[in-house]
Structures are given as structure tokens and as C-alpha cells.
Amino acid sequence: MPDILVVGGGAAGLMAAYAAGKEGADVLLLEHNEKTGKKIYITGKGRCNLTNDCTRDEFMREVARNPRFLFSALNALSPQDMMDLMESHGLPLTVERGRRVFPASQKASDVTRTLMAMLKEVHASVRLHADVEHLLIRDGRISGVKTKDGEEISAGAVILATGGMSYPLTGSTGDGYRMAKEAGHTVTAPLPSLTALETKEDWPRQLQGLSLKNVTLSLRAGKKKLYEEQGEMLFTHFGISGPLVLEASCHLPEALEGVSLHLNLKPALTPEQLSARLQREFDAQPRRALSTVLQTLLPQRLAALFPDLAGVDGNRTCAEISRQERTLLMEKLQDLPLTISRRRPLSEAIVTRGGIPVKEVDPGTMHSRIMPGLYLCGELLDVDAHTGGYNLHIAFSTGYLAGLSAARAM
Ligand SMILES: Cc1cc2nc3c(=O)[nH]c(=O)nc-3n(C[C@H](O)[C@H](O)[C@H](O)COP(=O)(O)OP(=O)(O)OC[C@H]3O[C@@H](n4cnc5c(N)ncnc54)[C@H](O)[C@@H]3O)c2cc1C
């Protein structure tokens, strides 16, 4: 009988098994896939942005939900500790724009390979094709797990690291929520986060494939500003996507009614500068069609469509555009509204928002406050962050702390 069972061989589970093994515990990791770290392989477009080379305070500012819960986990395994751990186990790293950390080899598979070697070093065992179905509870505490084929495996403690529900083909099927519920936990409804958005308006679909750099996206609920940031976005066959949109999606309230999205296509110019710029372009080419002249300000496809969005006929010449119409164009260039009809589904989201409420977990140990002997870590918890290596680091650091704490409690 192992001391500790780890359920799930993703970033959190692998790190939990390593930390527990390093503390001398006898560890068995159970993974239902044919291999561990299936999601790690697809992270960072196959390059795995495994952490972010920032301070703890900077890190917490990038966490959309429950950043303070991570205080002890980030002390147990800081981004610098994570980088040292990987490099000392033979994985050279490189730091890119935005202090995003990748393996120097640019191969996500090298991260999983390194983690597997670390498990071997501490004699932690891994069993694949092990589909855990239930937690076993005896005398009010965890006594082990039961697999789908009926096998009961006893242990002193169980670390649940089954992830969220995004990209279910990687094995993150949401089983952990059900099992945590069996142990008395509640689950905050899972929602897609870091996800693309569908729009009520049809015009973004007409621009499918067009990306815009250096635009500002803001989200508002009535007069309240929920989010505002500058960056890159993409028009798609359903609406909008790209880094700026994914990040904005983290800041949406659960219900989308009353939320409006606004694009500023020319954020570097003040309204006065933009007005002068438009006037200058119009004066320089008075006989050319408005939509042609707008190409000096916008990508061609957007320039062709834009006059319509402002309610102005793009076929008219610039000389024919009235002062009032120029004002309309100017206003729309800096405040182009979109209505979000829905988020893309959870299966397409980068992370799952929601999960086990952090108030049900001791942040200093990752031990359940509800069920003795049960530890929870990774995306299963109601903690999620922006892109930049933060989500994987949340999994690594909470997994590390869970493994360490479970072993020390033996
Ligand atoms: C396309 C994509 C790209 C991403 N890129 C990045 C990035 O570059 N940087 C970053 O920081 N984050 C990235 N993320 C997010 C990051 O991958 C996750 O937040 C992180 O992997 C979560 O780790 P986890 O161990 O908690 O869960 P998971 O990685 O989901 O691991 C859970 C494991 O548990 C197993 N499991 C589930 N149920 C059972 C069961 N009943 N029995 C046995 N095993 C079970 C699963 O098979 C899986 O292996 C990306 C996500 C996606 C989808």
C-alpha cells in the first residue's frame, strides 16, 4: 500500500508526486491516459510556456481569481525555484517577451520528459490506463481510491490533480469535480476562461482571418469599466479571438447580459489628433472614395467595411463627406462596439474558471478543509490566470505544496 496516491498525471499531479517522493513518501500516480502530461504537449503551441520569470507580487497581479490563495504555494515553489528545478534536472530554459519561460529546445515534450525523470529519481511509481472513479472514505477520512474496473487501492492520503474541463481530449474530463463532491466539497460552476468570443454582429465574420495589432479592447457593464488593455486580436468565423480577446474573457462576469465590448482602432491618437489626421487625408485625396482613403488608417478589408459601420456611404468621395459624417467616422474609429453573444465552449477554452472553492482548501498545505487525508491542486481549484506561463505555474506550485504537505503529514 503506497503512502500517497496522486490522481492525474498532468502538471499538478506530476509535480505533487515528485515533491512527495522527494520527502521520502512511497507514491503511486494514477493516470487514465496512455501517457502522462498530455495537455503539457499542446501548451504554448507545442513549446510549453511553463512559468513566468517574475516576482511573487507581479505573479499575483496576473491571477484573475483568488490570487491570495496562492501565497504559500508560490513561496513553496516560486517561478525562480521552478526554473532552477528544471535546469538542475537537465532542461535548459529560455526567457522570451513578457518574461515567458520556455524550454530552450522549444519542445513541450522535453518538459514532460524532465518531470518523468524527476519522478524516477525519487522512486515515485506511475500507472497508466488507471481510470479513477471514486474516492474511498472510511471512518470519516480518505482511505484510497476505486478505479473504473473495480480495483480498490488503499493509501494514507490522496492528492486529487485531475485538472479542469477544457480540452477534454487531453484527459481533463472534469472527473475530479464529481469525486470532490463525493468527499463533501462544493464546486463553483465551471466556465470557459481564456477563450474566444462569439458576437451578435455579423461583420466580424466578414473579416475572418484579419488580425489587428495595437488596438485597445475595453469591456463595460453599464458605466463600469471591467477591463481595458491594448494588444492584438483576430476576427474569426464566429466572432473574435487572439491574445487580447482571450485575456479579456477572464474578466467577463458569469452572465453576459449588459456587458458591452468596445474597440479603439486608433488608441495612440487623441480625438483631436485623429480628427486632424482624417481631415488631412481627406484634403489630400478629395476625389477618391472614402473606403479607399481609409486604407491609410486601416487594413484594406476593414477599410472597405468600416464606412458602413459608421453609417456613411464608403463609395462617396472624401470631398462629399460632411463634417458631421467625419465626426461619426472618428467616433467609431475610437469606439467600435460589439455585443458578445456567448463564450466559445469549455472544450475550446485554455483554462477552466470555477472548480473547488478555495475557502474549502487550506492554502498553506492544499489539504481539504472538508475531508481529512484529501489534498487538491492544479486547475481543479477555483484559481485561474492570464496567459504567460501563470496557469502552468499555478498547477506546478499548488501540486508541489500538496505533495510536500501530504508527505510531511505521514
Ligand atoms: C491549448 C492549451 C495551451 C495552453 N498553454 C499554456 C501555456 O503555454 N502556459 C500555461 O501556463 N498554461 C497553458 N495552458 C493551461 C495549462 O495547460 C493548464 O492550466 C494546466 O495544464 C493544468 O494542469 P493540471 O495538472 O491541473 O491539469 P491537467 O493538465 O488537465 O491534468 C489532469 C490530468 O488528470 C488526468 N485525469 C483526469 N481524470 C482522471 C481520472 N478519473 N483518473 C485518472 N486520471 C485522470 C488527466 O488525464 C490529466 O492527465 C494551456 C492550455 C491549453 C488547453
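Author: Leu28 counts as buried because 20 other C-beta atoms lie within 10 Å of its own. A residue is called buried with 20 or more other C-beta atoms within 10 Å of its own, exposed with 12 or fewer, and partly exposed in between, the C-beta atoms being placed from the backbone. The model is a predicted one, in which local features require a pLDDT of at least 70 and side-chain atom pairs count only at pLDDT 80 or more, whereas totals for chains, interfaces and linings use all residues. Residues are numbered from 1 along each chain as its sequence is written.

Leu28 belongs to strand β2 (residues 27-30). Strands (E, at least two residues) and helices (H or I, at least four) are DSSP runs, numbered from the N terminus. Leaving aside residues up to four places away in sequence, Leu28 touches Pro2, Leu5, Ser125 and Arg127. Contact here requires C-beta atoms, placed from the backbone, within 7 Å of each other. Val351, by comparison, stands 323 residues from Leu28 in sequence and 26 Å from it in space, C-alpha to C-alpha.

The chain as a whole contains 14 helices and 21 strands. Its C-alpha atoms fill a box of roughly 85 × 40 × 35 Å along the principal axes. Of its 410 residues, 46% count as buried. Among contacts with a separation of 6 or more, 73% join residues 24 or more positions apart.

The expected span is 1.5 Å times one less than the number of residues. Because 18 of the 19 residues of α14 are buried, the helix is largely enclosed by the rest of the structure.

Tyr390 is a residue of α14. It is buried, since 27 other C-beta atoms lie within 10 Å. Not counting residues up to four places away in sequence, Tyr390 touches Asn52, Phe59, Glu62, Val63 and Ala385. Between Tyr390 and Glu198 there are 192 residues of sequence separation and 25 Å of space, C-alpha to C-alpha.

A partner of α14 is helix α1 (residues 11-22). The two pack at an angle of about 35°, with their axes 7 Å apart. Axes are lines fitted to C-alpha atoms, for helices over the stretch in contact, and the angle between N-to-C directions runs from 0 to 180 degrees. Ala, Val, Leu, Ile, Met, Phe, Trp, Tyr, Cys and Pro count as nonpolar, Asp, Glu, Lys and Arg as charged, and the others, Gly among them, as polar.

Helix α14 also takes part in the shell around the ligand. That shell holds 39 residues, the closest being Gly8, Gly10, Gly163, Gly171 and Gly378; a residue qualifies if its C-beta atom, placed from the backbone, lies within 6 Å. The elements that give two or more residues to the shell are α1, α2 (38-42) and α14. The largest share, four residues, comes from α14. The shell divides into 15 nonpolar, 18 polar and six charged residues.

The 14 residues of α6 reach 20 Å from first C-alpha to last, close to the 20 Å expected at 1.5 Å a residue. Just after α6, His123 has a positive phi of about 60°.

Methods:
Contact = placed C-beta atoms within 7 Å.
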